[in-house]
Amino acid sequence: MHQVAQDAIRYFEGKGTIAEQVALGEYFAIVPLDNSSWCTCDECQKLLAIDKNNILGQHFNCGTATHYIWNFVNKVAHEIKRVAPDKKLAALAYHVYAYLPKDIKLEDNIAVAPCLHTRNYWAPGMKRNEMMLYKSWIEESKSSGRDIFLWSYLGFPTERGLVTNFNVFPGFNAHAMGEQMRMYATDGVKGVYLCGLSEQIDFYLTMKLFDNPSLDTDEILDEFFDRYFGKAAEAMKKFYLKIESVYSDPANYPSYIQTQDAQFHQTRELAWKYLGTPRVMEELEGYIEQARLEAESIEEKERVNSWKIGVWDYMLAGFNDYYKN
């Protein structure tokens with residue numbers, strides 16, 4: 001702990017960092033390796049034992065190492081504060097140390113970034129768990145003056161498809177994302193790290209709302225589709241909104257996802273048995289074909305075709321691969 005504090009102080013004194021340490025400006029990052037291979041000494045195991053049941057349901061984000069990690073971070077922060085009171089540590093609220101430690105008074109020079117699976121809230125239990133931990137950090141920050149940032153996983157569900165080798169049902173999520181952005185602004189979140197990038201329109205919307213969270217989601221979508229697709233705008237917007245409504249609605253997922261208090265990611269079965277059903281795919285095909293007929297200019301035709309290739313053909317390949325077996 002003392003060594004980490006000294007490393008941070010060295011950085012704040014302008015002497016740089018050692019290999020693989022991360023620091024920028026007024027912040028020195030303190031985040032453990034991305035695993036749970038903890039120390040086996042008696043002192044560390046005693047701290048870990050405090051939180052052995054600090055988990056709600058079966059979630060990735062929980063608190064089974066909350067005292068272990070936040071006690072360490074707090075001690076480092078205390079040492080830094082004595083020497084460099086205007087500097088800060090940057091820490092994540094992540095995985096087994098995502099929950100706020102309610103019986104530890106954290107130093108106010110610790111900036112915290114809860115890590116949220118913001119595109120997976122079609123799983124109600126997952127949304128409840130992550131909104132609970134997010135709000136607990138927000139409420140604590142109001143009394144402590146703590147800087148709150150976020151780590152947002154925008155790469156899902158595409159990342160799961162890449163890792164497990166299947167074509168996903170797209171995670172279009174504009175309206176839920178708009179609500180989230182406005183909530184962050186209201187709650188005083190100072191910044192968001194995007195872990196992965198969402199699709200074209202969702203990323204565009206994200207950037208617009210980061211710039212001005214008071215903007216209306218539907219007005220942004222209307223402007224985008226009208227200016228991007230021209231004569232084909234109405235059909236392409238229907239195409240987008242159909243995918244969004246299917247992806248975002250918990251009712252379109254199997255009952256165990258709606259009732260189980262656990263974390264879920266999209267799977268090949270979820271994508272094409274429950275979301276991209278034959279009826280849904282037939283409706284989507286109608287919209288994309290209508291758009292191809294209505295596009296007039298070369299630019300409009302090219303843009304519709306880019307979505308046909310990048311979205312529709314990709315989906316169709318995933319659908320056909322699932323149903324051929």
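1. Before anything else, a word on pockets: here a pocket is an open set of grid points with protein on both sides within 12 Å along at least five of seven lines, and a residue lines a pocket if one of its atoms is within 4 Å of a point. Keep in mind, too, that you're looking at a predicted model.

2. Now for the second largest pocket. Which helix gives the largest share of its lining? That's helix 6, with four residues. Helix 4 (124-144) and helix 9 join helix 6 in each supplying at least two residues. The pocket's volume is about 220 Å³. There are 15 lining residues, and the closest to the centre are T118, Y121, K127, A176 and Q180. Sorted by class, the lining has seven nonpolar, five polar and three charged residues.

3. Next, look for a closed space. The structure holds one cavity of 30 Å³ or more, and the largest cavity has about 40 Å³ of space in it. Its lining is made up of T118, S152, L154, M177, Q180, M181, Y184, V192 and F210. Helix 6 (residues 174-187) turns up here as well: the largest share of this lining, four residues, comes from helix 6. How many charged residues does the cavity lining have? None: the count is six nonpolar, three polar and no charged.

4. Then go to helix 12 (residues 278-294). With 17 residues, helix 12 reaches 24 Å from its first C-alpha to its last, close to the 24 Å expected at 1.5 Å a residue. Its buried residues include V280, M281, L284, Y287, I288 and A291. Why do these sit on the same side of helix 12? Because they cover an arc of only 120° around the axis. Here's the general idea: an α-helix has 3.6 residues a turn, so residues three or four places apart point the same way. Turn to the other side of helix 12 and you'll find R279, E282 and L293, which are exposed.

5. What covers those buried residues? The cover includes helix 9 (233-248), helix 11 (268-275) and helix 13 (298-323). So much for the details.

6. Finally, zoom out. The chain has 13 helices and six strands, and its C-alpha atoms fill a box of roughly 70 × 40 × 35 Å along the principal axes. Of its 325 residues, 49% count as buried. Among contacts between residues at least 6 apart in sequence, 73% join residues at least 24 apart.

Terms used: Residues numbered from 1 in each chain as written. Predicted model: local features only at pLDDT ≥ 70, side-chain atom pairs only at ≥ 80, totals over all residues. Heavy atoms only, no water. Expected span 1.5 Å × (residues − 1). Buried < 20%, exposed > 50% of the residue type's maximum accessible area, 1.4 Å probe, protein only. Arc of directions from axis to C-beta. Contact = heavy atoms within 4.5 Å. 1 Å grid on protein atoms, 1.4 Å probe; cavity = no way out; pocket = protein on both sides within 12 Å on 5 of 7 lines; lining within 4 Å. Points joined across faces, edges and corners; volume = space filled by probe spheres on them. Nonpolar A, V, L, I, M, F, W, Y, C, P; charged D, E, K, R; others polar.
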